[in-house]
Amino acid sequence: METPLFTMRYGIPLPPQGATAQREGCKQAEQALWRAYHETEKILASLPSSILIVNGEHQIIYANAVASHHFGFENCPLVGHSLFEVLPIPPDQWNRLTVDVPSSGSPAGHPLHDGEFETHKRVYQYRLFPVALYGADEAQTGLVISDITEQKQLQDQLIQAEKLSSIGTLVSGMAHEINNPMYGILAMAEIILEETDPEKIKEYAHDIVEYSKHVAAVVRSFACYARPASGDQKMEIDLNERLIEALKMVARNPQFGDIKVVKDFAALPPLWVRRSEIDQVFVNLISNAAQAMAGHGCLTLTTRLDTDRIAASVSDTGSGIPKANLTRIFDPFFTTKDPGVGTGLGLSIVFKIVSKYEGTVSVDSEEGKGATFTVHLPVMKLGRKEAHDGVP
Ligand SMILES: Nc1ncnc2c1ncn2[C@@H]1O[C@H](COP(=O)(O)OP(=O)(O)OP(=O)(O)O)[C@@H](O)[C@H]1O
Ligand SMILES: [Mg+2]
């Protein structure tokens, strides 16, 4: 049996006894050191990132195998080269980055500096960390550099996909808002074809002109959503008058049936707003109410003036809204209607417009009995042109 070189006690080697044993011990320690060195090298080489250590003169004093491969130094060592031969960042930027990386101590808790650069058509991300090499009396900085080219490409594709999807939302929103006035235009054009009374023909033609103007304003407002520079001009409006116009627009749709309409209006101060936006709010609320009543029931339009705000309500005696849906009805694309009937964009557009004017929309509903939507608009903000100039 071979004599062990170290006597072990409790699993710990005791110091070798005698000259031969000491020589053997040194050889073994040296071998262990080499093994540890090669293993560390192997671990560093198998990391998916490049690792560089740089001294105070910007000279590379350590580079793992991945770094040599990444930066095209496979046939000659990277060590000894200037950092700026591989990292395309200006020296003063490097100095700014490293100024608060301490020369020693653990990186734990130290704010690390991250950055990105492009070289050889690849994108890299780097992270700096402080290094304290044994025996070195000057500051060294470590860098972990990872190739993020594929990650970047994926990110760009996602941004592109997001852009396309918001264009989709924009287009469906626009189609949705044009649908109601288009029904009105179609219905009146059909009546004109049969009508013989010139006065009535003139009246319908006038409405067609008005609705077409509304469609044009809606298209303009969507275009300005994508490119927020221009848009429909603000003007003084009478909210009671706009409610009547919105009702007319929806009531032209044959599906309005024989719904009874009750108007309970209070005298209101004028509002300084974009008319087409206010029309959009009430066309959506009234058409939802009409759809909920399926051609039969009572629609009540109410306006009130509190001291500092106007309240306008649209009430119906329709199907009502189940409690579970009350928190979701304002979400874009939430609909309980069949595909092709509803897109679920109406109330989200209402919410967006009313919020823009610093107003609120509330809903009160009991399933099977109907629903009341109330829009509150601040008079102080919207009542005078000068007071409202800050609102987009
Ligand atoms: N007055 C109402 N009575 C009953 N349910 C309503 C009423 N208003 C809205 N809802 C419910 O809220 C949902 C969302 O309404 P919203 O106006 O956003 O979309 P939609 O009417 O379904 O579709 P779109 O308006 O795009 O044609 C409706 O599907 C419906 O379930
Ligand atoms: Mg709707």
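I will go from the whole chain to the ligand, and then to a few individual residues.

A word on conventions: this is a predicted model, in which local features need pLDDT of at least 70 and side-chain atom pairs count only at pLDDT 80 or more, while totals for chains, interfaces and linings use all residues. Residues are numbered from 1 along each chain as its sequence is written, chains are lettered from A and ligands numbered from 1 in the order in which they are written, and side-chain values use heavy atoms, with hydrogens and water left out.

Let me start with the chain as a whole. It has 10 helices and 14 strands, where helices (H or I, at least four residues) and strands (E, at least two) are DSSP runs numbered from the N terminus. Of its 392 residues, 38% count as buried; buried here means under 20% relative accessible area, exposed means over 50%, and partly exposed is what falls in between, with a 1.4 Å probe and protein chains only. If we take the contacts, meaning heavy atoms within 4.5 Å, that have a separation of 6 or more, then 61% of them are made by residues 24 or more positions apart. The accessible surface comes to about 23200 Å², and carbon and sulfur atoms hold 57% of it; such areas come from the Shrake-Rupley method with a 1.4 Å probe, and for residues only the protein chains shown count as cover.

Now to the ligand. Where does ligand 1 sit? Ligand 1 is found in the largest pocket. A pocket is defined on a 1 Å grid over the protein atoms alone, as an open set of points with protein on both sides within 12 Å along at least five of seven lines, and a molecule sits in a pocket if more than half of its atoms lie within 2 Å of its grid points. There are 22 residues around ligand 1, and those that come nearest are Asn288, Thr335, Thr336, Lys337 and Thr343; to be counted as near, a residue needs a heavy atom within 4 Å of the molecule.

Helix H7 (275-293), helix H8 (346-356) and strand S14 (370-378) each supply at least two residues of this shell, and H7 gives the most, with three residues. A polar backbone atom of Gly344 is 2.9 Å from an oxygen atom of ligand 1, a backbone N or O atom of Leu345 lies 3.1 Å from an oxygen atom of the ligand, and for a polar backbone atom of Gly346 the distance to a ligand oxygen is 3.4 Å. Taken alone, ligand 1 exposes 590 Å², and the protein buries 94% of that.

In H7 we find Asp279, which counts as buried because its relative accessible area is 4%; leaving aside residues up to four places away in sequence, Asp279 touches His214, Arg242 and Ala246. In H8, the buried residues are Gly346, Leu347, Ser348, Ile349, Val350, Ile353 and Val354.

Finally, two residues for comparison. Ile244, in helix H6 (residues 239-251), is partly exposed, with a relative accessible area of 33%. Beyond residues up to four places away in sequence, Ile244 touches Lys263 and Phe265, and the C-alpha atoms of Ile244 and Lys263, 19 residues apart along the chain, are separated by 8.9 Å.

How values were computed. A polar contact is a pair of N or O atoms within 3.5 Å; within protein, one must be able to donate a hydrogen and the other to accept it, and residues adjacent in sequence count only if both atoms are side-chain atoms. On a 1 Å grid over the protein atoms alone, a cavity is a set of points where a 1.4 Å probe fits but cannot get out, and a pocket is an open set with protein on both sides within 12 Å along at least five of seven lines; lining residues have an atom within 4 Å of a point.
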